[in-house]
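Reader: I would be grateful for a close look at the salt bridges of this model and at the part of the fold that surrounds them. Please treat the matter as one connected account.

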Amino acid sequence: MRLDHPPIQNERLEERLLKAAEVQTILNLSRANVYRLMKAEVLPTVRIRGAVRVPYRELLKWIESHTTPGDGPAG
């Protein structure tokens, strides 16, 4: 059995704290851009000692608040 991260009992995705690499995948950005957004405090972050994490639930809210409606399909 392969796990992407260590198992945490009763862990819910909404409660996860994401690493930069996980945020990179979700936002489809380079890791450098994710770190820039974290450092500039554009993305919601939690600091634990030297580690910086992004709460999954807050990332979803951030994405929603920065999403603008499109004009529909092109063509």
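**Salt bridges and their surroundings**

Author: In this predicted model, the count of salt bridges comes to two. One of them joins arginine 16 to glutamate 22, with the closest N and O atoms 2.6 Å apart. The side chains of arginine 16 and glutamate 22 are also in polar contact, at 2.6 Å. Arginine 16 belongs to the segment that precedes strand 1, which spans 17–18. The two partners of this bridge may be described by their accessibility. Arginine 16 counts as buried because its relative accessibility is 14%, and the cut-off for burial is under 20%. Glutamate 22, with a relative accessible area of 22%, is partly exposed.

The other bridge links glutamate 58 with lysine 61, and here the closest N and O atoms are 3.4 Å apart. Both glutamate 58 and lysine 61 lie in helix 3, separated by three residues, or about one turn of the helix. Glutamate 58 is partly exposed, at 32% relative accessibility. Lysine 61 is likewise partly exposed, at 47%.

The account now turns to helix 1 and the core. Helix 1 covers residues 20–27, and its buried residues are Ala20, Val23 and Leu27. Viewed down the axis of helix 1, these buried residues fall within an arc of 60°, and they therefore line one face of the helix. They pack against strand 1, helix 2, strand 3 (51–55) and helix 3. Just after helix 1, asparagine 28 adopts a positive phi of about 55°.

Ala20, Val23 and Leu27 are also members of the largest nonpolar core, a set of eleven residues. In soluble globular proteins, nonpolar side chains tend to be buried together.

Leaving aside residues up to four places away in sequence, leucine 59 touches Leu18, Val23, Ile26, Leu27, Leu43, Pro44 and Val54.

Definitions and conventions:
Residues are numbered from 1 along each chain as its sequence is written. This is a predicted model: local features need pLDDT of at least 70, side-chain atom pairs count only at pLDDT 80 or more; totals for chains, interfaces and linings use all residues. Side-chain values use heavy atoms; hydrogens and water are left out. Helices (H or I, at least four residues) and strands (E, at least two) are DSSP runs, numbered from the N terminus. Buried means under 20% relative accessible area, exposed over 50%, partly exposed in between (1.4 Å probe, protein chains only). A polar contact is a pair of N or O atoms within 3.5 Å; within protein, one must be able to donate a hydrogen and the other to accept it, and residues adjacent in sequence count only if both atoms are side-chain atoms. A nonpolar core is a set of buried Ala, Val, Leu, Ile, Met, Phe, Trp, Tyr and Cys residues joined through side-chain atoms within 4.5 Å. Contact means heavy atoms within 4.5 Å. A salt bridge is a side-chain nitrogen of Lys or Arg within 4 Å of a carboxyl oxygen of Asp or Glu. The arc is that of the directions from the helix axis to the C-beta atoms.
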